[in-house]
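Subject: Model for you to look at

Hello,

Here is the model I said I would pass on. Please open it alongside this note.

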Amino acid sequence: MRSRLSRVFFFAVLVSVVFGCSVNVVLGVSEEEASSVLVAAESDIVVCYSAVAEADEFGANVTVLLTRLGEAGELLSLGELAFGDGDFDSALVYAGQSQGMLSGFVDEAHDLGELAFNEQYWSLTTTILGSIIGVSAVVVGSVVFWFLLKRKVKEGAGK
Amino acid sequence: MSMEEHRVLFLVVGGVLILLVASPVLSRVLVLPRTEFFSELWLLGPSHMAEDYPFNITSGSEYNVFLGIGNRLGYTAYYKVLVKFRSQNQSAADSFNRTPSSLPALYEIRTFVADEEVGEIPLAFSFNHLYNESRLQVDVNSLTLNQIELENLDYIISWDSARSVFFGNLFFELWIFDASSSSFQYHERFVDLKFNMTSQALT
């Protein structure tokens, strides 16, 4: 019975400690802390924007990435609004959510850009090669046709 | 037909054939360079047309408009739309001098638009305002924009005899992220909605 009670007591203490820690994480955020996380979130957005702009330059379809970036931007705006209202806890939460939304974003943008670059490269190469072969065929065919025609006209004149 | 005439016809037909075969490459190479780079900003009414803009504003009623941004800059742009509200005596954005209003933004909308694309932001807003009969003024307490409550506005709007309204002006300034300075610059564009904030109070 005693050991059961001590187990319950131990469990209650454990729950209190864990709950207490998590509350500390979420609540009681200082202005400086919230401000620095907001600045970091803004910086993340700028980095992701640069990556997606580069992918767009290579001709990648960046619609999905831009939508995600817009959603992260919206969360950051909410964070800044909360910060302006003095609600640093919410500011921190929103900024954290914004950063979380962009995890792996730069790699995805780079992959998409690389894929688009390769597609563009092969498409251009195929087009150039196709045109060179086509133009060569037209030139060779024309020359052959011209000489055949010339010979035929000469033969006709000889008869 | 002489051989000389055949040659001319042959050269013309050959030239046209060569142009046809080379057209896929030529279409990629011979592209006229873009000379004008700009952004567009517009506001449409609730039916997606440039009409029926809200004017007589009732406290607590929701109004819908659509804010559009067109990107013709040649690159993906990072825009910030600053939402501001002012009464008749407060600083307005100036389209002649191309300067923004000095008022602080109530809210910032961040948006990203790819080159040659258009971004549309649906805006649903409502005001919470009261007509103060003794002082003949309207007290604007809060603005709700897309379900985000912007409280403690504390705007006092007095009677505008020139317009014969209690004049309120909700406007949207376009700012753009400049990579070289790593900061937002005013993009010299704004759109606005002019209101009469009295429709419920005076009737």
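Below is what I found, chain by chain. Keep in mind that this is a predicted model.

**Chain A, overall**

Chain A holds five helices and zero strands. Read from the N terminus, its elements go α-α-α-α-α. Of its 159 residues, 26% count as buried. Take the contacts in chain A between residues at least 6 apart in sequence: 75% of them join residues at least 24 apart.

**Helix H2 and the core**

H2 of chain A covers residues 31–57. This helix has 27 residues. From first C-alpha to last it reaches 39 Å, close to the 39 Å expected at 1.5 Å a residue. After H2(A) comes A:Gly59, with a positive phi near 90°.

The largest nonpolar core has 70 residues. Four of them touch the most other members: A:Cys48, A:Val52, A:Leu69 and A:Ala91. H2(A) gives the most to this core, at eleven residues. In soluble globular proteins, nonpolar side chains tend to be buried together.

What does A:Cys48 contact, once neighbours within four places in sequence are left aside? The partners are A:Leu69, A:Leu102, A:Phe105, A:Val106 and A:Ala109.

**Where A meets B**

The contact takes 28 residues from chain A and 23 residues from chain B. Which elements of chain A give two or more residues to the side that touches chain B? They are H2, helix H3 (63–84) and helix H5 (105–158). H5(A) has the largest share, with twelve residues. By type, the residues on this side of chain A divide into 16 nonpolar, eight polar and four charged.

**A sheet in chain B**

Chain B has an open sheet of four strands. The order is S4-S3-S9-S10, and the pairing is antiparallel. Its edge strands are S4 (107–113) and S10 (183–196), each pairing on one side only. Neighbouring strands are turned by 20° against each other on average, direction ignored.

One pair in detail: strand S3 (residues 77–87) of chain B and S4(B) run antiparallel over seven bridges. B:Tyr78 stands opposite B:Phe112, which lies in S4(B).

Best wishes

Conventions. Residues numbered from 1 in each chain as written. Chains lettered and ligands numbered in written order. Predicted model: local features only at pLDDT ≥ 70, side-chain atom pairs only at ≥ 80, totals over all residues. Core = buried A, V, L, I, M, F, W, Y, C linked by C-beta atoms within 7 Å. Buried ≥ 20, exposed ≤ 12 C-beta atoms within 10 Å, placed from the backbone. Contact = placed C-beta atoms within 7 Å. Expected span 1.5 Å × (residues − 1). Nonpolar A, V, L, I, M, F, W, Y, C, P; charged D, E, K, R; others polar. Pairing = 2+ DSSP bridges. Axes fitted to C-alpha atoms, helices over the stretch in contact; angles between N-to-C directions.
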